[in-house]
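Here is a short walk through one protein model. Keep the sequence and the 3D view at hand as you read.

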Amino acid sequence: MPSTRHSPLRILPLLALLATLLLPVGVTLAPSAAAAPAAAARVRVMPLGDSITGSPGCWRALLWNRLQDAGHTGIDFVGTLGHQGCAQPHDGDNEGHGGELVTHVADRNLLPGRLAATLPDIVVMHFGTNDVWSGIAPDRILTAYTKLVGQMRAGNPDIKVLVAQLIPMNPSGCAGCAQRVVDFNARIPDWARATSTTRSPVTVVDQWTGFDTATDTYDGVHPSASGDEKIAARWYPALAALLDADPGGPGDPGDPGDPGDPADPPACRASFRAVSAWQGGYQGEVTVTNASASSVPGWTATVAPADGARLTQLWNGTLSTAADGTATVTNAAWNGTLAPGASATFGFIVSAPATAGTPAATVTCTARATHS
């Protein structure tokens, strides 16, 4: 029986005719993949330093989450090192190498390879503690700073650099370290002014003022939970300002609905730490931080202790407790107003069952809006 299938050669002209008839009435061909707009590039931020930055570097987690809460979601923390142990979700990539001296990094040309692997747009640098501890002269440390900035600009002429005046240091066995930090920090502003350019600015961030080694470190050098909060709070406004200044970038002030718009609710972050523990209870502490771009007149925090524990005493706030044990804490009269990035801390005593595990609590907070 002869086949009834039509030859493809006869069908093709018919298809071409149909296409010609359809196109004039609004049928358009889909653009090619090459014509599709590219996704917006993320701003790559490198935290650079030693163990204060790297291990575990929980200030990086606090800073990352504060930026996210404020709407700066188009960022990428970068570094050849990954997450180093801070127990909260964040982008853990960093360039904080424990024990490193900035002078050694400069002398051995270690930074260019790290830059090539990560391509940062902004560097957040707290670097030099080990050099100061080792008694290296400020001039030599600043020479290393200059070399590192030159290497950054070689890879990215538009790179922005935030450089810290170092947190205080008072380790056992180094009676002169505290004053050495003071002397070195005093030199940084002049160095930054001489090094900064319009295209590649160098901005000094004061991490020293208000930082207490007795309460904000656990060993006279490395930050405790309260120290991490202070470091993150100091980095935040400087880094947010660079992100806001990036045309079209995350947080562009011209975009409607940006963080800081008068209509936006104020942002707030809360963090918990156990100060000490004993059989049947512990002392805890919560730090409330204003993550908004404007001051707030007050705050409220909730604390839900784990394992059936309950708050029994509280200071630096006003306590009310729900039937399930969840505590609501409002600010005291003197610690409610918080500037952008500023924090307030309240403490408490918890009664816990004898079978309770490691002290833990879920904490949240809200900041009150300023009414005109």
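Three disulfides, written 3 in the count, are held in this structure, which is a predicted model. Counting bonded cysteines along the chain, their pattern is 1-2, 3-4, 5-6. A disulfide is a covalent bond between the sulfur atoms of two cysteines.

Start with C58 and C86. Their sulfur atoms lie 2.3 Å apart. The pair links distant parts of the chain, 28 residues apart: C58 sits in helix α3, and C86 in the loop between β2 and β3. The torsion about the S-S bond is about 125 degrees, so this disulfide is right-handed. Both C58 and C86 are buried.

Helix α3 runs over residues 58-69. Its 12 residues should span 16 Å at 1.5 Å a residue, and the end C-alpha atoms are 17 Å apart, which agrees. The helix is mostly covered, with 10 of its 12 residues buried. Among them are W59, L62 and W64. Just after α3 comes G71, with a positive phi of about 100 degrees.

Next, C174 is joined to C177, S to S 1.9 Å. Here the torsion is about 85 degrees, so the disulfide is right-handed. C174 counts as buried because its relative accessibility is 8%. For C177 the value is 0%, so C177 counts as buried.

The pair C268 and C365 has a torsion of about -120 degrees, so the disulfide is left-handed. C268 lies in β7 and C365 in β14, so the bond ties together parts 97 residues apart in sequence.

Technical notes: Residues numbered from 1 in each chain as written. Predicted model: local features only at pLDDT ≥ 70, side-chain atom pairs only at ≥ 80, totals over all residues. Heavy atoms only, no water. Helix = DSSP H or I, 4+ residues; strand = E, 2+ residues; numbered from the N terminus. Expected span 1.5 Å × (residues − 1). Buried < 20%, exposed > 50% of the residue type's maximum accessible area, 1.4 Å probe, protein only. Disulfide = S-S within 2.5 Å.
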